[in-house]
Amino acid sequence: MEATASNPSIVTASRTIQPYRRLSTLSLRFPTYRTKRFSPFSLTITRCSTTKSRETGQDSTFESSISLKRGLVLDLGVSKDSWDSEEIGSPVVKRFLSDNEERWYMWYHGSSKQNPVSDSIGLAVSNNGIHWERGKGKVESSDDVGLTMSCGEDWWGFDTASVRPGEVVIMSSSKVRANSSVYWMYYTGYTTEMLEFQSKDFTFGLVNPERFHLYDENAEKSKVYRSLPGLAISQDGRHWARIEGEHHSGALFDVGCEKDWDFLYIASPHVVFHGDGDLRMYYHSFDDKTGEFCIGMARSRDGIKWLKLGKILGVRKSEKDGSGFFDELGGRYPCVTRNKRDESYVMAYEGVDRTGKMSIGLAVSKDGINDWKRVQGEEAVVAAGEGGAWDNEGVGCPYLIEMDGDSDHQWRLYYRGVGNGGRTGIGLAVSEGNVITSFTKQTGIHL
């Protein structure tokens, strides 16, 4: 059931599947996928040259330029007509191992300069999780990369404005008549239904979804677009068929009632397969009554029908000198994984401070349900870059991966970074061995 399954065959889409259609049942076939091979890639910087810095316009060394890009592994699409040329984020990363090769998939959201207010989902691939091959347009075959899923076309649907990935799980279910394992993508769907409310003692406006390139610092009211969790399945990770949920819009479930903490919206569904008949979804919302971002949980037997369990992680405040923690306004964008060494659950999340700045924190739980405890003090485990760094405005949307190996055991943390002017990218930080509370951003790319 895990993404690191030893089976080297990855299934491809049957021609009977129509992308973007909503289905209640689906019959699947499974031919073998032959992956592309990519050239080896190293993180070592092997040459130095003098270049002109875009920030200062002055001559600077190549190493200085690399320092400003520390951690960055996927930038915006370089072509103006690329589907991901305006903004990217929400990395969902999977590592596939076989006897003779290593493959990495990254699903992420992006928007284009032609349509900057609508997000789609795309796929990039790699042989090491650092150097990624991407595409600027829609995928055309089962070995292609690029745009894989756009907004829904049904006028009554919950995902007609934007879609962003939350998690991809490899599993099967009789509910969709699958005779083998397939990719299940849990995603956030957005509509144009907007809720405006007065922010409580905030120095920034709250939005859902965040659009950093369109951020208005002078906004007096928060503008939150309704979002709900959805499900789509695929045989190759590229061609997706939506699965109807129980909600009338096609979503898996609805927001809470007006008195509930998740009344405004539901976002970033991250699903963990705990065991047969036990799937757990972690998601976030904003509680406008308490003025905090909160992470909640739901459980399911089949991955389609869900029962909410309520909040599991909220805010924390410091009484020391009146200063606040990096997550004083709470946490969002949870990513939960099971620690292979002690069977505990580890959650990476995006913390928000009183000014709206984003950092990444960690929490642990023995059973993945109760008693989530933060593992760090007042400082985040991954913070925004300094000076003119590409991620100097904030880091978030974490995705945590535990790497295999006894002697070189480590964790990788992929994240969205935001820099000057709202420019976004996807970065990577690596733990110092198995010390999960200490991460270092990667030092650059090999040219």
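This is a predicted model: local features need pLDDT of at least 70, side-chain atom pairs count only at pLDDT 80 or more; totals for chains, interfaces and linings use all residues.
Seven bridges join strand 6 to strand 7, residues 120-126, and these two strands run antiparallel.

Strands 5 and 6 form a hairpin, with four residues between them. As for strand 6 itself, which spans residues 102-111, nine of its ten residues are buried, leaving the strand mostly covered.

Which residues touch the most other members of the largest nonpolar core? They are Trp-107, Tyr-186, Leu-400 and Phe-439, in a core of 78 residues. The element that gives the most to this core is strand 10, residues 182-198, with six residues. Another core lies apart from it; this one has 15 residues, including Tyr-282, Ile-295, Ile-312 and Val-336.

Ser-142 is located in the loop between strand 7 and strand 8, the latter being residues 146-149. Its side chain makes a polar contact with the side chain of Asp-236, at 2.9 Å. Ser-142 and Gly-237 are separated by 95 residues in sequence, yet their C-alpha atoms are 8.3 Å apart in space.

I close with some points of backbone geometry. The peptide bond from Asn-208 to Pro-209 is cis, its omega being near 0°. Pro-209 belongs to the loop that connects strand 11, residues 207-208, with strand 12, residues 221-234.

Ser-268, although not a glycine, has a positive phi of about 55°. This serine is placed in strand 14, residues 267-275. Is Ser-268 buried or exposed? Its relative accessible area is 7%, so Ser-268 is buried, the limit for that class being under 20%.

Cys-397 is likewise not a glycine, and its phi is positive at about 45°. Cys-397 lies in strand 22, which covers residues 394-402. Cys-397 counts as buried because its relative accessibility is 4%.

Conventions: Residues are numbered from 1 along each chain as its sequence is written. Side-chain values use heavy atoms; hydrogens and water are left out. Buried means under 20% relative accessible area, exposed over 50%, partly exposed in between (1.4 Å probe, protein chains only). Two strands pair if DSSP finds at least two bridges between them. A polar contact is a pair of N or O atoms within 3.5 Å; within protein, one must be able to donate a hydrogen and the other to accept it, and residues adjacent in sequence count only if both atoms are side-chain atoms. A nonpolar core is a set of buried Ala, Val, Leu, Ile, Met, Phe, Trp, Tyr and Cys residues joined through side-chain atoms within 4.5 Å.
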